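These are my notebook entries on one structure.

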Amino acid sequence: IMTYILTPPQIRNNPAPEYKIKNWGLTDKIVDDLHKWVEEYQPLQKAGYVTEGNDEHDDELRSTQISWIDSNTNPELHNLLGGVIHHANDTLYKYSITYLETLQYSVYNAEDKGHYSMHSDAGLKGVNNDSRKISFSVLLNDPKEFEGGILTLMPDSIGYPIELEKYEIVFFPSWMPHMVTPVTKGTRKTLVGWVHGPDFV
């Protein structure tokens, strides 16, 4: 009879699931160019919420204005992201990764009670039937410009907030549930993305 010996994890040696980087090269000019590009070529639209294969608008689940940023645009931004993604993956996750999905520029307004209920990014498959492995979020404006709107990771029922400074980027596993609490004052602007790779085995 074959038996398996299970070794308890060494909790103290397990790294935190998120990886934050403050200074990774993002500049006012790159962000200003991004804002202008969105305004001119890809105006904001109301975000949907994928439920049972349908892209629905449900303000109870999600209230956000978004724009899609293709990799063929904003080359300076995408070059920076390529470098910082590989740095984060090589440092912490060490996943097999292949490509970056189209980015999402997101705006959360207090007048809309901008928020995003708890969800996981890993539920959506890529065009090659691969998986979202690493998610990230970049805060594009000063946190003093809004109240609320806190990205909260939910590895348990309590969760914990991820406070970001202007232009700071945070990475976390795409399978981890997370949410954005309602913006109660001002406007929160972010850039979010998903790094794909072969399914975990």
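Predicted model: local features only at pLDDT ≥ 70, side-chain atom pairs only at ≥ 80, totals over all residues.

Entry 1. Helix α1 covers residues 28-41, which makes 14 residues. From the first C-alpha to the last I noted a reach of 20 Å, close to the 20 Å expected at 1.5 Å a residue.

Entry 2. I then asked which residues of α1 are buried. They are I30, V31, L34, W37 and V38. Viewed down the axis of α1, these buried residues fall within an arc of 120°, so they line one face of the helix. On the other side of α1, I found K29, K36, E39 and E40 exposed.

Entry 3. I looked up what covers the buried residues of α1, and the cover includes β6, α2, β8 and β16.

Entry 4. I followed β6 (residues 65-69) to its partners. Strand β2 (residues 45-46) pairs with β6 in the antiparallel sense over two bridges, and Q45 stands opposite I66. Strand β8 (residues 103-109) also runs antiparallel to β6, joined by five bridges. There, S106 is the bridge partner of I66.

Entry 5. I turned to the largest nonpolar core, which has 31 residues. Those with the most contacts inside this core include L81, F136 and L191. Helix α2 supplies the largest share, seven residues, while α1, β8 and β16 are among the elements that each supply at least two.

Entry 6. I checked L191 and recorded that L191 touches, among others, L34, I69, L81, Y105 and F136.

Definitions and conventions. Residues numbered from 1 in each chain as written. Heavy atoms only, no water. Pairing = 2+ DSSP bridges. Helix = DSSP H or I, 4+ residues; strand = E, 2+ residues; numbered from the N terminus. Expected span 1.5 Å × (residues − 1). Buried < 20%, exposed > 50% of the residue type's maximum accessible area, 1.4 Å probe, protein only. Arc of directions from axis to C-beta. Contact = heavy atoms within 4.5 Å. Core = buried A, V, L, I, M, F, W, Y, C linked by side-chain atoms within 4.5 Å. Lists of a residue's contacts leave out its neighbours within four places in sequence.
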